[in-house]
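Work through the exercises below with the model open beside you. Try each task before reading its solution.

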Amino acid sequence: MNFEVPSLSLPFYGSAFPILFLVVTSIVALLLGVSKLNTPKVNYGLNLFAIIVALGSAVYQYAISGGAGEIYLSGGFTAGLLGFWGQGLILFCAMVVSILLGDSYMSPKFFRGEIVSLFHMVLAGMLTMVATDDLVTLFVGLEMASIGVYALIGYTRPTKLSQEGAIKYFVLGSIAAAILLFGFAFLYAAAGSLRISEISRAIGKVSGHSWIELGAILTIAGLSFKMALVPFHMWTPDAYEGAPTGLTAFMATAMKVMIVVATIRLCENGLDGVHGVWLSTLSLMAAASLLFANVMALAQQSVKRMLAYSSIAHSGYMALALSAMSGAGGGMSVPSILFYLIAYVAVSLGTFAIIMWLENERCENVIVDDLTGLAKQHPRAAVALAVFMFSLGGMPPTVGFISKLYVFNAALSNGLIGLVVIAALGSTISLYYYMRIIVRMFMLDSTPVLGALIKPKKSLATVGIVFVSVLIVILLGTVFPEPVMQIARKTAGEVTGG
Amino acid sequence: MGSSLLGLLAGLHVWYWFDGSSAALQFVESYEWIPSLGIKYIVGIDGFSLLLVVLTTFLLPLVLLSQWSDSEEPSQRPFLALLMALQSGMIGALVAMDLVFFYVFWEAMLIPMYFIIGVWGGKRRIYAATKFVLYTVLGSLLMLAAAIVLYLAHFRQTGVYSTSLLDLYSVKLPIDAQMWMFGAFAVAFAIKVPMWPFHTWLPDAHVEAPTVGSVILAGVLLKMGTYGLLRFAVPMFPDAMVQFAPVLIFCGVVGIIYGALTAWVQQDAKKMVAYSSVSHLGFVVIGTFAVMAGGELSVEALSGATYQMINHGISTGALFFLVGVIYERRHTRMLADFGGLAKNMPWFATILIIATLSSVGLPGTGGFVGEFLILNGVFQASPIAGMLASLGVLLGAVYMLTLCRKILFGPLDNPENKELSDLSAKEFGYLVPLAVLAIVMGIFPNSFMDKTKPSIERLAKSYKSYSLDYRMGRDMGHQSAN
């Protein structure tokens, strides 16, 4: 590697603006924390302002960017469509989560200077990770995001449950990071470069090199941990349950977008040459996630734990699509994952918004039985939650169905019939636990447990978020899937070269 | 109510302008939906869907009338909204001429039915509703996988992405691939029919559903399964169909006899009618798969099957309504609690007997025409199946007449039954049209069958190289009107 002094131009500052801006606001928030201005209101305003500016900038960059973009810092930062797409989606999730947190009982605890600062560091790390061609930068971004999130889980809500979740996530996450780094080391040793695209070229020359294969397997294992694929999923239920719900929503959406986008880039651009080695592993993990997570979710009482297993299962669908990336129908694979991510993010944010709204009075985890009779107390919330549940279960006419259709289509174009049958089984099982929630809300008559206790405060922002999510879920499922698919295709073009 | 009548008018309008002399798709409209996957919005009607669409639009106003009440119950509004959603789902599935578009409606129908059973149903409603959805979804997802395989095969053969039926009928597949895919489609539809041995959800769903839910379930929803077999499974995988036909006929015959025997021993009137559905739909299934010696499908059996679908919708719909009538008065459906009702409820008795006779297949009612045609066709294809199925007709008479006898005749000794009043004007309103139609369909079958005949003949003769041409039937209709 030659370390030339990078010549940083105005376009670089333009395309890296979201990251740089968040680093700056992170420092500002830290300074505000020791000043007299350290009130939740000010911090909330600063946080939202910074995220919206960064989001606007990422969207603008996406709009003006064409295909595979410029590469800066010898691979450290790539200004391509996929990167901006990931950044935009992550920032969108962060924005929604911030608004929801502002409405929740967590608001005074979360909007403190040091926590907002940490949050922006996390975001900067995530944005870096989705837009880099360099393994070390990727790792640094991942660790910035992960370490920050461990701290956020344990620090913002000091209860036994959340600390257990944070510690578990931290210990296991560190091991996974070590495995990932180990894999990177092998890749570097074999290929002589840390650039993802150059590793890909080197693989062509040294095919059959066992270090490359070992490196690829270890890398995939490390990434699967963060994606929460079975058997690397153990941390997920505890971390999801322990974290304050706002952060659970953040982990389920933004963290997932980050890791999936980075995985797509690594698999498509870097390790495609040795896909014979890791593709079958990935399919196996996808199948295991689809079956195991859906079965485990059946037994959960806590709604957040159930959603954690559901999130593992949804990772399984994305891994299923990813296992179809090489071969005849490979062109379908990445767009279908990106579409799936959009669908999953919209549904998850809506679901967590409702759960946070319900939690506000009790300040503790909602269990499935708490939802009994919700339809009588709050019919609109119940209908919205039912729409989300049907979408998670993949029933038309919601976006959940279209995204599943797209994933199945990608998988079947590569002849993965067995996997699709397993996915179909998993979907049927999953429908059962999603319907359990609907049954409790609409069909059980016993005295409402939570519904009667709670008079959640009316909050325009939460209502708006839920309403928009329902709208997205229905509209993308019926009238407008096509434009979003076009965007997914265009974005995928950066890594698939289409 | 108003909108359902508009729907009926639209249904009759379609009926009137439908060109009965042609097998082509009519009233076709086509738009792009998801062009990048070749998924289109195509709707059209041919002889198979026509009668079912009209039946659907005919049943909904009756169902709504039965729900008519002066009291402003708060739960009434969502219920009606769900009925409307169900209606649009059913019609959408019947007219969709694009596989994915069909699938969307096919699955979307489940949601309103799920709530209708689950929220307004009986004691074990949640169990029944959940079972209903899970059964159907498992079958459907496998069908979806098979559909995607078919779509990809079409792409490999022609280089065009399309899910339109007009294109997919032309796909030629090797026989072993056909077997798997036919299996996936057939299981999905067999669950919906429901064909033995996939029928176990039906009695639960029927017994727990509110009366209206049962009527729609029996009247139209079950027909989606047999319609799907005719529309998709047979013409898409013709060679596999020929291979599978004996199995399906066997299942159909077992269903007929098993359903009849089980119905016979039921103590609950609604359960009895539910099992009779299993038996009756067995007839439709064997009618669909009567492969003649020359490899052609029997035209008679097919027309019988399509006719029997409609007839079953009307007679069983009426039976469920009637069971609902006595349940509303007595809050029990046990046969042992009744007896002698003919004495103080003569009108109720009259309509029950008409519905029963139509269900049994007495000459002069619609049931006779359908069953006779089916048996006629099946005898030519497989005499043994025909004989066993005829046994089913006999058993049908036994259990249905048992139902009548236990409810209507005998001594009126239960004091509670003496107080029961005869049908109200509202009940007349929704029962009489059904009873009249049951008889009209028996006396003038041709006026119904003429319109379906070309489609049936075409499927029967050329299902191996089946294709759908289409034209804008509506324009022709307007021209002839001028």
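**Exercise 1: two helix pairs**

Helix α12 (residues 245–270) of chain A and helix α14 (residues 303–322) of chain A have axes that come within 12 Å and cross at roughly 15 degrees. Task: classify this pair by direction, then find the residues in contact.

Before the solution, some ground rules. The model is predicted: local features need pLDDT of at least 70, side-chain atom pairs count only at pLDDT 80 or more, and totals for chains, interfaces and linings use all residues. Residues are numbered from 1 along each chain as its sequence is written, and chains are lettered from A and ligands numbered from 1 in the order in which they are written.

Solution. 
- Step 1. Axes are lines fitted to C-alpha atoms, for helices over the stretch in contact; angles run from 0 to 180 degrees between N-to-C directions. Helices (H or I, at least four residues) and strands (E, at least two) are DSSP runs, numbered from the N terminus.
- Step 2. Angles under 35 degrees count as roughly parallel, over 145 as roughly antiparallel, 65 to 115 as roughly perpendicular and the rest as oblique. So α12(A) is roughly parallel to α14(A).
- Step 3. Contact needs C-beta atoms, placed from the backbone, within 7 Å. On α12(A), Thr245(A), Thr248(A), Ala252(A), Val260(A) and Cys267(A) take part; on α14(A), Lys304(A), Leu307(A), Ser311(A), Met318(A) and Leu322(A) do.
- Step 4. Sort them by class: six nonpolar, three polar and one charged. Here Ala, Val, Leu, Ile, Met, Phe, Trp, Tyr, Cys and Pro are nonpolar, Asp, Glu, Lys and Arg charged, and the others, Gly among them, polar.

Solution. 

**Exercise 2: burial and the core**

Task: is α5 (residues 110–120) of chain B enclosed or open?

Solution. 
- Step 1. A residue is buried if 20 or more other C-beta atoms lie within 10 Å of its own, exposed if 12 or fewer, and partly exposed in between; C-beta atoms are placed from the backbone.
- Step 2. Ten of the eleven residues of α5(B) are buried, so the helix is largely enclosed by the rest of the structure. Among them are Pro112(B), Tyr114(B) and Gly118(B).
- Step 3. Chain B has 482 residues, and 59% are buried.
- Step 4. Contrast Arg201(A), in α9 (residues 196–205) of chain A. Arg201(A) is partly exposed because 13 C-beta neighbours lie inside 10 Å.

Task: which residues have the most contacts inside the largest nonpolar core?

Solution. 
- Step 1. Such a core joins buried Ala, Val, Leu, Ile, Met, Phe, Trp, Tyr and Cys through C-beta atoms within 7 Å.
- Step 2. The largest has 377 residues, and Cys93(A), Met258(A) and Ala145(B) have the most contacts inside it. Helix α15 (residues 330–359) of chain A gives the most, 21 residues.
- Step 3. Beyond four places in sequence, Met258(A) touches residues including Ile90(A) and Met126(A).

**Exercise 3: the chain contact**

Task: which helix of chain A gives the largest share to the side touching chain B?

Solution. 
- Step 1. 26 residues of chain A meet 26 of chain B.
- Step 2. The largest share, twelve residues, comes from α19(A).
- Step 3. The chain A side divides into 19 nonpolar, five polar and two charged.

Terms used:
Two residues are in contact if their C-beta atoms, placed from the backbone, lie within 7 Å.
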